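Please look over the sequence and the model shown here before reading on. The briefing is meant to be read beside them, one topic at a time.

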Amino acid sequence: MKIKLKVKRTDPEKGTTGYSKYEIEAPESTTLLDALIQVREYEDGSLALRCSCRSAICGSCSMRVDGRARLACRAKIIALTRGDESHELSVEAMGNMPVIKDLVNDMESFWAKMRSVDPYLRPVGPEPEAEYRVPNETMIDLTHTMNCIMCGACVSDCTVLEVDKSFIAPAALAKAYRFAGDPRDGHTHDRLEKLSEAGGIWDCTRCNMCVEVCPKGVAPMNRILQMREMALEAGLTNNTGARHTNIFTKSITDGGRLNEIWMVPGSVGMFNLPRILTEMPGALKMARVGKLPFNQMIPPGMPGSHKMQGMDRVRNLIRKSASLKAPKPEVKD
Amino acid sequence: MAVYEHDVLVIGAGLAGMRAAIAAQQMGADVAMISKVHPVRSHSNAAQGGINGPGVGEDGGPWEEHAYETTKASDYLGDQDAIEVLAKEGGREVLQTEHWGVVYSRKPDGSMAVRRFGGMGKARTFFVGAITGQAILHVLYEQLMRPSVYKAMRNYEEWFVTSLIMDEGQCRGAVAMNIRTGELHAITAKATIVCTGGLGRVYEPSTNALICTGDGISLAYRAGAPIMDMEMVQIHPTSLKGSGVLITEGARGEGAYLLNKDGERFMTKYAPSMMELASRDVVSRAEQTEIDEGRGVDGCVFLDMRHLGEDLIKERLEEIYEIARDLVNIDIAKELLPILPGVHYIMGGVKTDVDGLTSIPGLYSAGEAACVSVHGANRVGANSLLDTLVFGRRAADHAWPWMQGKTFKPIPESVVEKDRAMIRGIMDRPTNGDRIAKIRRDMGMSMSANVGLFRTPERIQKQLDTLKELRARYEKVGVEDKGKVFNTDLLFHIELGYMLDCAEMITKSALERKESRGAHTRLDYPNRDDVNWLKHIVLTLQPDGSEKMTYQPVTITQWQPQERKY
Amino acid sequence: MAMKYAFWPGCVAKGAAPELYVSMNRVAKELGIELVELDQAACTGAGVIQEQNPEMADALNARTFALAQQLGLPLMNICSTCQGIESMVQDKLSKNPEYLAKVNAILGDEGLTYTPGLEIKNFLWVLVEDFGLDKLKSLVKRPLTGLRVGPFYGCYILRPSQLLGKEEHPDRDHYLEQVIEAVGGTVVDYEGAKKCCGFPILTINRENSLKQTGNHIHEAQDLGADALVSPCPLCHLNLDAQQPAAKAVTKHEIELPILHLPQLIGLALGVAPADLRLDHHVVSTKKMLNKLAAPVTA
């Protein structure tokens, strides 16, 4: 089958960028990595890319294909082109990280963020003579996070990182979960506390991009959400993110539907006047065009607040749902 | 600054390298670690099935059992003093990794779970699903990310070693290129530990990653260190059809069957007692015989995991489930998986004693690059991970006290000149129509054809001639990329040189050993010959450039060689 | 074929985005789609309740599913976020039958029960898969010729793709473009189309949220877009209501009207803009309406 590649080149010595087009013949089972190696070995020895294991375990070959981060050794050409031999695949280095050369990124920021979450077990108390005794379910749960091969795909495409490089970003946060969720670690509370600060778990915009691009089913966003739940349970509620989920939930338990008006004060703090005032111009604009829901003026929980039809049945359901125990969220490729 | 000074230089940042670095750093040494890839990209991460834990809890069993089984599996070429060390100290290493945080699978009572592995009479292999190597590798790297360690240790990440520095008969570190700048520097040290892993890419196909090019073995050889047992190349029974990617022995450990094209569990004919879990060389030869005698399909036989059930596969063999699905579109819960024997591991390597020390003062080696020998003529599965940890640590444990109180004169920058000239020579060569990749492929395929599972003197001799031709081509081939930054073309060129060194050593040793033992099968000498060949073959480069071949008797402590039956 | 759906309008269509509710009902009538509103159904949780109480959210959604099933109808929503949450809950309940049984026990109090297998579709999917683009084309009275429209999907209708029917319907991440073209418009191809508007972090990190919104609008506008269209009212809140704030934060000179999907369809079907409440946006739609080929009444 014919394969057409348009690869973005970066020349580190000249400081220039450009594109190289390649057209090769290869079997139908060819992966993007196979194709790039074929190019490198037989067409253009100057093409730089990182690769090693060819079996999605070393994490070297992550790159952007048609705008989306992928592991090259896992990406079948025929799936990428949907069988269309005329489709020219656009290949470039990962996003959100500087490029050293061609398809090779400088991943120092990636590793620095990793180090920033204290990514090593910190047990407390005397070491047992034999192994720590822990339930297998916990180990299985952590193994899903340990599946992370540090390829950088999630970081490459993280939508928050695009606008804010101080966000710890999915990979490091998933790694943080691996410790927060490990019963052998003695610093869970400290970890969650630190992670609840700016740039941490509450800064994720919940766009699922990292879940979508992760080649190993780590689902970093789900780990972030698990840590949010753990942080709330641990009483770490004095931050906007925690207040946001609380006011939202309160809005539903009170009236069954979202009360948009009180989202802002409820999240930022009822007495956070400066912040509330920043929203006023927007709120006024909305009011002027009839978008301000006046039936929401009374905050949830106060007498007279808006309640949907049949709220008493919803209330019963909510009350009884407290006895449920949800299975852990998974996304597998 | 082109010259750097350290106490301990570790070359290679896989399991052995990082273990050595951690151990040295814990003792207070100024440690530097060089790796041509980021540590977590090291090939240790591809080990899937597990790590043996002799002496760990009840399952680990008495260390003597593990030592005996390792000795037997080595077809009695393993040095039993080294094997005893491995067995006695292995358990402690396994527990150390658990304390550091490895998420070993557990039994209902919370203790670590075990599975059976080839060559072991009982289940003593501890595991993390099918990603044990990756799990341990990442945990070791986590330890290196501790602020105190991270700040203290110098990590030459993506630096490529071009030669070892020898001074007055001692090894004083290495000359290395910073891949990101193309500049060469001298990284000097009092002790150097070579942990560069294996050489699978000398063969094609192979389960190994593209980076497994025998660098350290060749570097040590060129520095004059004796290299031992190179004919002992392990051919793993289950590598995936096409890519050669590894399918863990753990699958058989969980109960998978090997079937020929008639749906027979053919291992009954070759190893009626251990069946699919006989030692790897036995299983690989069985498979190849089935294939050669027409009972294979497309050069493969089959791994049958359908009876294991989807739940067990998803929990304990998820990694290979995904590999099968993504690389060959097969659902192993429902279909047969075509596999064939593939080159996987080199039992041979840099000759060391039980402390990882070579005959060159200041030069140590550990892990797959080294040959102590604990694996002899055939390595038991799940012993490699153990080997890396035990001997990685021991090398550091020996080096640090050894260097106390000694003086080490500074090394001048001029040591770098020879390699600079070598590189200039390669860069200046015109392209001549030949390509590094072509030479490498020709080497790989001819090695597989001529020095593979079943060896004959005619084919081996033919390979010696082929290697001469390849070397001549190698001396003439140039590189396409003339840049300095991240010039992977240049690196491949130098790696090919290392691989050719290794290929030559493998082939020469294979010609020399006139018997069949473990992984080395000579059709003209089909039996084991303990009278003449209970010894290692050692190759040493002499100062005058010639090569000397010597023999090293096998160290026997407890177990006299017996006929090996499974 | 009579098209009839149980209709979950979502919280925002009944709250801060009444223009969506009005235009959807109008367009449904024009297309001959009967909507039976589930006015007794509650919020999906939008992923926010799930952060602290996944059980509550699962129960609320299961109840909505059961209400639809009680009517014997497939379920339609008009919000990418609702779609994403509903698909996720549906998947979780079908994969965990013991959990579902416990949830159903609670639903039993109201005489409700949820059986896996309910069809849940956003209006965008209904339009392309059930209604059909050819049929839509045939009903266009005012083709949007000359109008350059950028699609903005909203994260939850795209990801994670395997929960959103990627296998069965591999083109779902192209439907907006197909619809734009079907009604005569020109697609503006820009990178931000499938990224995040930042709404979930508006209160938590206002600057990041508005940067995301501002950057995507700016990119589309720079490429010549006259409007964006989105099937998600939460995205609409950030893209439209917060556009002036986004302009201030990013310093981009942006002024791009944001259409709800039914509004785009309605315009093409010849419905008067006022009947689609196009005069009730924070960012005015006047300039865009003036560009349309056929005469319009404001």
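This is a predicted model: local features need pLDDT of at least 70, side-chain atom pairs count only at pLDDT 80 or more; totals for chains, interfaces and linings use all residues.

Between chain B and chain C, by contrast, no contact is made, and their closest C-alpha atoms lie 14 Å apart.

**Chain A**

- Chain A contains 14 helices and seven strands, and its C-alpha atoms fill a box of roughly 75 × 65 × 40 Å when taken along the principal axes.
- Among the 333 residues of chain A, 53% count as buried.
- Counting the contacts in chain A with a separation of 6 or more, 65% are between residues 24 or more positions apart.

**Where chain C meets chain A**

- On this interface, 56 residues of chain C are in contact with 56 residues of chain A.
- On the side of chain C that touches chain A, at least two residues each are supplied by helix 2 (49-52), helix 3 (54-70), helix 5 (97-107), helix 9 (206-222) and helix 11 (243-250) of chain C.
- Helix 3 of chain C gives the largest share of that side, with seven residues.
- Sorted by class, the residues of chain C on the side that touches chain A comprise 25 nonpolar, 17 polar and 14 charged.

**Where chain B meets chain A**

- The contact between these chains takes 51 residues from chain B and 42 residues from chain A.
- On the side of chain B that touches chain A, helix 4, helix 5 (132-144), helix 12 (318-328) and helix 17 of chain B each supply at least two residues, and the largest share, five residues, comes from helix 5 of chain B.

**Helix packing in chain B**

- Helix 3 (residues 63-73) and helix 4 (residues 80-100) of chain B pack at an angle of about 135 degrees, and their axes are 9 Å apart; the two helices are therefore oblique to each other, and helix 3 of chain B passes helix 4 of chain B in a right-handed crossing.
- To this contact helix 3 of chain B brings W63(B), H66(B), A67(B), T70(B) and T71(B), while helix 4 of chain B brings Q80(B), I83(B), E84(B), L86(B), A87(B) and K88(B).
- The contact of helix 3 with helix 4 of chain B has five nonpolar, four polar and two charged residues.
- Helix 15 (residues 436-450) of chain B packs against helix 17 of chain B at an angle of about 20 degrees, with the axes 10 Å apart, which makes helix 15 of chain B roughly parallel to helix 17 of chain B.
- The crossing of helix 15 and helix 17 of chain B is left-handed.
- From helix 15 of chain B, I436(B), I439(B), R440(B), M443(B) and M447(B) meet F492(B), H493(B), L496(B), M499(B), L500(B) and A503(B) of helix 17 of chain B, and by class this contact has nine nonpolar, one polar and one charged residues.

**Nonpolar core and buried positions**

- The largest nonpolar core has 391 residues, and those with the most contacts inside it are V8(B), A20(B), I34(B), I193(B), A220(B), I227(B) and L228(C); helix 17 (residues 488-512) of chain B gives the most to this core, with twelve residues.
- Not counting residues up to four places away in sequence, A20(B) touches V10(B), I193(B), C195(B), A366(B), G392(B), R393(B), A395(B) and A396(B).
- K36(B), placed in the loop between strand 2 (31-35) and strand 3 (51-52) of chain B, is buried, with 25 other C-beta atoms within 10 Å.
- Leaving aside neighbours within four places in sequence, K36(B) is in contact with E158(B), W159(B), F160(B) and I211(B).
- K36(B) and L491(B) are 455 residues apart in sequence, yet their C-alpha atoms are 9.6 Å apart in space.

Key. Residues are numbered from 1 along each chain as its sequence is written. Chains are lettered from A and ligands numbered from 1 in the order in which they are written. Two residues are in contact if their C-beta atoms, placed from the backbone, lie within 7 Å. Helices (H or I, at least four residues) and strands (E, at least two) are DSSP runs, numbered from the N terminus. Ala, Val, Leu, Ile, Met, Phe, Trp, Tyr, Cys and Pro count as nonpolar, Asp, Glu, Lys and Arg as charged, and the others, Gly among them, as polar. Axes are lines fitted to C-alpha atoms, for helices over the stretch in contact, and angles run from 0 to 180 degrees between N-to-C directions. Angles under 35 degrees count as roughly parallel, over 145 as roughly antiparallel, 65 to 115 as roughly perpendicular and the rest as oblique. A crossing is left-handed if the near helix is turned anticlockwise from the far one by less than a right angle, and right-handed if clockwise. A nonpolar core is a set of buried Ala, Val, Leu, Ile, Met, Phe, Trp, Tyr and Cys residues joined through C-beta atoms within 7 Å. A residue is buried if 20 or more other C-beta atoms lie within 10 Å of its own, exposed if 12 or fewer, and partly exposed in between; C-beta atoms are placed from the backbone.
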